[in-house]
Amino acid sequence: MYLNGPKIDKYLNPNVELNCKMKWNLTLPYLITSNVTSLILNMTAWATLNISEGDPSFICYYIPVERSEIDKDQNPKTFSDNGVKLGKKVYFVHNTTVSNEMVEVVCTLNSNIIYKYYHIFVRPTSSVRNRKDGEVSILLLGLDAVSRMNFHRQMPKTSAFLSEIGTVEMLGYNKVEDNTFPNVVPTLTGMSIEELKINCWPKNDDFFDKCHFVWDDYKNTNFSTIFAEDSTIIGTFNYLKSGFFKQPTDHYLRPILNYAEKNIGHELILNTLGCYGTRLAMTMMLDYAYKISLSMTNHLYMSVFWTTSLTHDYVEYPKFGDDDLRDFFDSFNKSGELNKTIVILMSDHGIRWGSFRNTFQGSLEDKLPMLNFIIPQWFKNMYPSAMQNLKKNTIRLTTPYDLHETLLDFIDMKQLDDNAITRRTKMNEYKRGTSLFLEIPENKNCEIAGIPKNYCACQEKRHNLAVEDIHVVEAAKALMQYVNSKLSAYNTLCTFLTLHEIHKASVETRKDNNSVKDYIIQVITIPGYAKFEATLRHHNDNFEMMGSVSRLNLYGNQSICMDDAKMKVLCYCIDKS
């Protein structure tokens with residue numbers, strides 16, 4: 001695989017720009033700052049206003065931002081996870097202690113808004129555990145759509161800083177499905193989407209409250225729990241889904257991020273808003289993650305922060321967050337919080353569309369998201385056997401199912417000591433998901449790991465084929481039959497698709513069975529010129545779909561009539577005008 005060079009650079013656009021400060025026209029964007037308890041008037045910024053203290057033309061206030069209350073008699077079908085409830089204005093001068101968790105802060109001069117931003121003040125719940133020596137909090141920090149290679153390519157400063165302080169990077173971390181939802185769910189629940197539907201989420205418009213998440217395991221042992229996600233419209237549990245009826249964690253930052261996105265969000269990248277005010281939306285998330293760590297410094301917490309705003313749509317955009325992410329880790333380290341916390345910096349997949357994704361390199365990177373563990377030195381010293389296994393596993397095939405089991409290990413640290421690791425190793429019967437603190441077998445393959453063939457980065461011997469090859473043509477016909485059979489259930493909404501062109505094809509022959517061949521094909525269909533990629537297995541003169549169909553270009557409004565996420569990839573809406 002290539003990190004940089006002409007083979008990569010020709011697919012990257014060096015001219016993309018993103019500058020939140022230049023596009024935000026408020027007079028004093030840094031007029032108000034905050035610590036873990038209070039709002040603070042920046043006197044240096046205030047002095048530039050050239051007004052006397054107590055001037056009535058200058059007014060500051062905050063408004064509490066809360067999640068909409070749930071009426072005990074309310075029908076869940078009428079409740080929205082997007083609801084925001086605003087409290088009464090609280091006016092302040094200079095510094096003020098805030099008792100609310102989430103607030104909008106506004107300052108005006110002569111009735112003109114010169115400052116607007118959003119601040120949080122997270123305090124530990126009464127039941128949360130105090131942190132003792134040998135215990136760690138967990139920060140899972142996700143950057144959507146960032147492959148391991150593109151992290152190093154686009155965020156070299158952060159990459160260098162993590163190398164300097166020490167990180168364990170999983171080189172063989174492989175996604176298990178196409179997009180965010182089916183890769184995050186195994187991390188947080190240990191289940192596939194199909195298993196989730198059977199166990200707790202039978203319909204797409206159901207809430208996720210009946211599902212058991214890893215943060216529930218932490219909460220049951222008195223960790224404080226936090227979940228935050230920007231780009232709330234396309235949130236993991238909210239895009240074409242209902243989200244949660246009751247807030248899923250002790251601290252749920254969706255209301256303030258949702259409200260901030262609507263009020264100070266700007267710079268549309270494609271599907272996301274890159275900026276909240278003068279800062280990256282990602283940076284607001286990082287600020288919140290840092291403030292929570294300071295608020296919880298003597299307590300145990302498990303937090304999940306997932307940022308989509310900057311990295312979701314284009315392979316080049318992570319570079320705009322490199323300085324801020326590096327600064328976050330630097331501050332986290334200097335504050336001492338990194339010595340109390342396991343940080344898991346991860347992604348769900350690589351970029352899934354565009355010219356780079358159409359290359360073999362891009363296809364491979366899509367399958368291999370980043371996964372890094374930043375671990376305190378004392379932890380490494382205290383649990384040498386567990387750490388030895390983790391380092392061995394850096395070059396083994398690993399998945400979100402393994403990461404889920406690893407997250408469970410941090411709840412009870414006794415199971416990581418050397419005797420426990422020895423005992424667990426002897427007892428371990430390999431499952432689809434195994435803690436990364438236990439040795440993953442060298443012969444683990446995608447079938448055992450629960451990775452569909454078309455998302456497996458472990459390549460058999462592959463040969464490119466001419467698009468006119470008879471088997472390629474037959475495979476393309478089989479793919480179109482599969483696609484249209486899926487569309488037939490929605491034939492009042494979506495038109496059937498016709499093969500326009502076979503764009504690319506290759507074949508893999510299995511080492512253990514030469515009679516089985518896997519055809520990887522890309523086709524373009526009409527109407528709409530959708531580009532699809534799929535893997536079909538040829539055996540006994542039959543073609544069988546292996547996994548789902550990936551779409552390599554954007555569908556925009558072509559599928560606006562469809563509210564099922566999987567079918568949205570395939571659907572071209574019938575024009576009913």
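Reader: Is Asp 541 buried or exposed, and what is its relative accessible area?
Author: In this predicted model, a residue counts as exposed when its relative accessible area is over 50%. Asp 541 passes that cut-off and is exposed, with a relative accessible area of 69%.

Reader: Where is Asp 541 placed, and what is its phi?
Author: Asp 541 has its place in the loop between S22 and strand S23, which covers residues 542-545. Most residues other than glycine have a negative phi. Asp 541 is not a glycine, and yet its phi is positive, at about 65°.

Reader: Which loop holds Asn 222, and is this residue buried, exposed or partly exposed?
Author: Asn 222, which is not a glycine but has a positive phi of about 70°, is found in the loop between helix H7 (214-220) and strand S11 (224-229). With a relative accessible area of 34%, Asn 222 is partly exposed.

Reader: Is the peptide bond from Ile 526 to Pro 527 cis or trans?
Author: Most peptide bonds are trans. Pro 527 lies in the loop between strand S21 (513-526) and strand S22 (530-539). The peptide bond that leads from Ile 526 to Pro 527 has an omega near 0°, and is cis.

Reader: Which residue in S14 is the bridge partner of Leu 268?
Author: The open sheet of three strands has the order S13-S14-S15, with antiparallel pairing, and its edge strands, S13 (265-268) and S15 (279-280), each pair on one side only. Three bridges join S13 to the antiparallel strand S14, residues 273-276. The bridge partner of Leu 268 in S14 is Leu 273.

How values were computed. Residues are numbered from 1 along each chain as its sequence is written. This is a predicted model: local features need pLDDT of at least 70, side-chain atom pairs count only at pLDDT 80 or more; totals for chains, interfaces and linings use all residues. Side-chain values use heavy atoms; hydrogens and water are left out. Two strands pair if DSSP finds at least two bridges between them. Helices (H or I, at least four residues) and strands (E, at least two) are DSSP runs, numbered from the N terminus. Buried means under 20% relative accessible area, exposed over 50%, partly exposed in between (1.4 Å probe, protein chains only).
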